[in-house]
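Dear colleague,

Please find the structure below, followed by a short account of what was found in it.

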Amino acid sequence: RLFQEKDTTVIEVHDDGPGMSEAHAKLGFEEFYTTKPDGTGLGLFIVSVCAREHGGTVEVRSSPLGGACLRMTLAEKPASPPR
């Protein structure tokens with residue numbers, strides 16, 4: 001889903017899989033953290049860096065489909081780069 005909410009753009013990706021435990025949801029954004037034997041642990045980390053760079057946030061929620069929902073918010077006006 002893609003929609004506007006106040007002064008932000010929201011992107012949500014839902015699935016109907018087993019979902020994510022609260023512990024995995026917190027650790028999932030850490031660099032190199034993975035639950036997969038052949039995973040790199042970079043997927044959610046890169047998503048979180050992109051969200052931050054655009055003045056936004058990213059979080060894991062429960063999906064009404066039964067699985068997980070990855071919710072990214074992006075500021076209407078991106079934050080100014082550091083000087």
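Four strands form an open sheet in the order S1-S2-S4-S3, with antiparallel pairing; strands are DSSP runs of E with at least two residues, helices are runs of H or I with at least four, and both are numbered from the N terminus. Two strands count as paired if DSSP finds at least two bridges between them. Because strand S1 (2-5) and strand S3 (57-62) each have a single partner strand, they stand at the edges, and one side of each is left without a neighbour in the sheet. Neighbouring strands are turned by 25° against each other on average, direction ignored.

This is a predicted model, in which local features need pLDDT of at least 70 and side-chain atom pairs count only at pLDDT 80 or more, while totals for chains, interfaces and linings use all residues. Residues are numbered from 1 along each chain as its sequence is written, and side-chain values use heavy atoms, with hydrogens and water left out.

S3 and strand S4 (residues 68-75) run antiparallel and are joined by six bridges. Arg71 in S4 is the bridge partner of Glu59. Helix H2 (residues 43-53) packs on the sheet and touches S3 and S4, and its direction makes about 25° with that of S4. Contact here means heavy atoms within 4.5 Å; axes are lines fitted to C-alpha atoms, for helices over the stretch in contact, and angles run from 0 to 180 degrees between N-to-C directions.

From the N terminus on, the elements of the chain run β-β-α-α-β-β.

Yours sincerely
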